[in-house]
Amino acid sequence: APDWLPRLTDAFATSAVNPYLAEGGVGLGLSIVKMLVELHGGTLEIDSTLGEGTEVKVTIPNPWTGPKS
């Protein structure tokens with residue numbers, strides 16, 4: 001659900017109302033990804049449409065070319 005998107009990168013976040021009913025995992029994956037991407041000066045974007053799917057975009061700057069002007 002779109003209202004849940006801002007919390008997807010929170011540590012231990014699950015989509016279930018009752019966290020004990022969540023399927024697999026402990027909710028660390030996306031929080032670790034976000035931390036690593038930001039440490040490299042990048043961004044993590046998540047967009048989801050119910051019934052259509054989810055798009056996750058990771059952008060990390062290329063250190064050999066420098067920032068775009």
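The model is predicted, so local features need pLDDT of at least 70 and side-chain atom pairs count only at pLDDT 80 or more, while totals for chains, interfaces and linings use all residues. Residues are numbered from 1 along each chain as its sequence is written, and side-chain values use heavy atoms, with hydrogens and water left out.

Ser31 belongs to helix α1, residues 29-39 (helices are DSSP runs of H or I, at least four residues, numbered from the N terminus). Ser31 is buried because its relative accessible area is 15% (buried means under 20%, exposed over 50%, partly exposed in between, with a 1.4 Å probe and protein chains only). Neighbours within four places in sequence aside, Ser31 touches Thr9, Asp10 and Ala11 (contact means heavy atoms within 4.5 Å).

Thr9, for its part, comes from the segment before α1. Thr9 also counts as buried, at 15% relative accessibility. With neighbours within four places again set aside, its contacts are Leu30, Ser31, Lys34, Leu44 and Ile46.

Met35 is another α1 residue, but at 46% relative accessibility this one counts as partly exposed. Together with Ile32, Leu36 and Leu39, Met35 makes up a nonpolar surface patch with about 400 Å² of accessible area.

Methods. Helix = DSSP H or I, 4+ residues; strand = E, 2+ residues; numbered from the N terminus. Patch = residues over 30% accessible without salt bridge, like charges linked within 9 Å, V, L, I, M, F, W, Y side chains within 5 Å. Areas by Shrake-Rupley, 256 points an atom, 1.4 Å probe, with all protein chains shown as cover. Salt bridge = Lys/Arg side-chain N within 4 Å of Asp/Glu carboxyl O.
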